[in-house]
Amino acid sequence: MIDAVFWFIVLLTLGSAVTVVLNQKLLYSAIALLFTLFGIAALYIFLWADFLAGVQVVIYVGGILVLIIFGIMLTNRISTVNISHTSVQRGIGGMAVLGVLLILGIMILNTPWHQADYVEPTQTTASIGTLLMMDYLLPFEVASLLLLAALIGAVTLSRRAE
Amino acid sequence: MDSLNTYLFIAAILFSLGLFGVITRRNGVAVLMGIELILNSANLNFLAFAKFGGMNMSGHIFALFVIIMAAVEAAVALAIIINIFKNFHTINVDDVQGLRQ
């Protein structure tokens, strides 16, 4: 049963990812990206990362996707009925990407990955919080500075020049 | 189903799709969507290694930082794209070649 759910989620994620890169209508791509992001959040739960699954839904689906749809709406005229966009050189690009995938696949199969025994954690959020405040305090503060810089930068960039 | 290689292959396919989007799409926003797919596949790898490497929580921290960076990148990139649209009246990345009009 759980296997069927897992493969259904994988199929949903990869299928909508294909739609994201192949569909010629930009808004359809954005909606397909929604399903991809939800599928990845579900895969996070299979990986016992419940907190990150929540973060994924809140930030990606609630923030980034809305930003992307804003971008689509702001960069097309209302009179343009079909918000479409074309792809170029799909053949060459597809072959190059298949080559990359082949190399990645061979690498995955041939590398002896380090694996250790694992037990299901009783809590993940508490350990993430402890790590953020102990071992990763400096990166945490740098991240907040980065967010502030991006906030000011985005406002300055998109303000109408006098 | 519950093996490291399964997740690595899913992430590899997702990465290839994102790369395909980045190199074949001509619309700036669509290129951004490809980049999001690539970042997500990297996150999937981080969490898979975290689980199968003995439930190491450092992988979760790295995934969290990748998500923060993706949010920052999306905000700044969209501001730039909107500026390009204002100046060039197109966001076709092939048409935007001059540094000034």
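B:Ser41 sits in helix α2 of chain B, where helices (H or I, at least four residues) are DSSP runs numbered from the N terminus. The model is predicted: local features need pLDDT of at least 70 and side-chain atom pairs pLDDT 80 or more, while totals for chains, interfaces and linings use all residues. Residues are numbered from 1 along each chain as its sequence is written, chains are lettered from A in the order in which they are written, and side-chain values use heavy atoms, without hydrogens and water.

B:Ser41 counts as buried because its relative accessibility is 3%; buried means under 20% relative accessible area and exposed over 50%, with partly exposed in between (1.4 Å probe, protein chains only). Apart from neighbours within four places in sequence, B:Ser41 is in contact with B:Ala11, B:Leu14 and B:Phe15, contact being heavy atoms within 4.5 Å.

In chain A, A:Gln56 belongs to helix α3 (residues 50-74). This glutamine has 0% relative accessibility and therefore counts as buried. Its side chain reaches the backbone oxygen of A:Leu37 at 3.4 Å. Beyond four places in sequence, the contacts of A:Gln56 include A:Tyr44 and A:Val61 as well as B:Asn40 and B:Ile67.

Helix α1 of chain A (residues 2-22) has 21 residues, which at 1.5 Å a residue should span 30 Å, and its end C-alpha atoms are 30 Å apart, in agreement. The expected span is 1.5 Å times one less than the number of residues. Among the buried residues of α1(A) are A:Phe6, A:Val10, A:Ala17 and A:Val21. Seen down the axis, the buried residues fall within an arc of 165°, so they line one face of the helix; the arc is that of the directions from the axis to the C-beta atoms. The face turned away from the buried side carries the exposed residues A:Phe8 and A:Leu11. Cover for the buried residues of α1(A) includes α2 (26-46) and α4 (90-110) of chain A, together with α1 (4-24) and α2 (28-52) of chain B.

The largest nonpolar core has 70 residues, and A:Ile68 and B:Met33 have the most contacts inside it. Such a core is a set of buried Ala, Val, Leu, Ile, Met, Phe, Trp, Tyr and Cys residues joined through side-chain atoms within 4.5 Å. With 13 residues, α3(B) gives the most to this core. Domain 1 (1-109) and domain 2 (123-162) of chain A both give residues to the core, so it lies between them. These bounds come from an automatic or database domain assignment. The C-alpha centres of the two domains of chain A lie 25 Å apart. As for B:Met33, its contacts beyond four places in sequence include A:Val20, A:Leu33 and A:Ile68.

Notes. Helix = DSSP H or I, 4+ residues; strand = E, 2+ residues; numbered from the N terminus. Polar contact = N/O pair within 3.5 Å; in protein donor to acceptor, adjacent residues only side chain to side chain.
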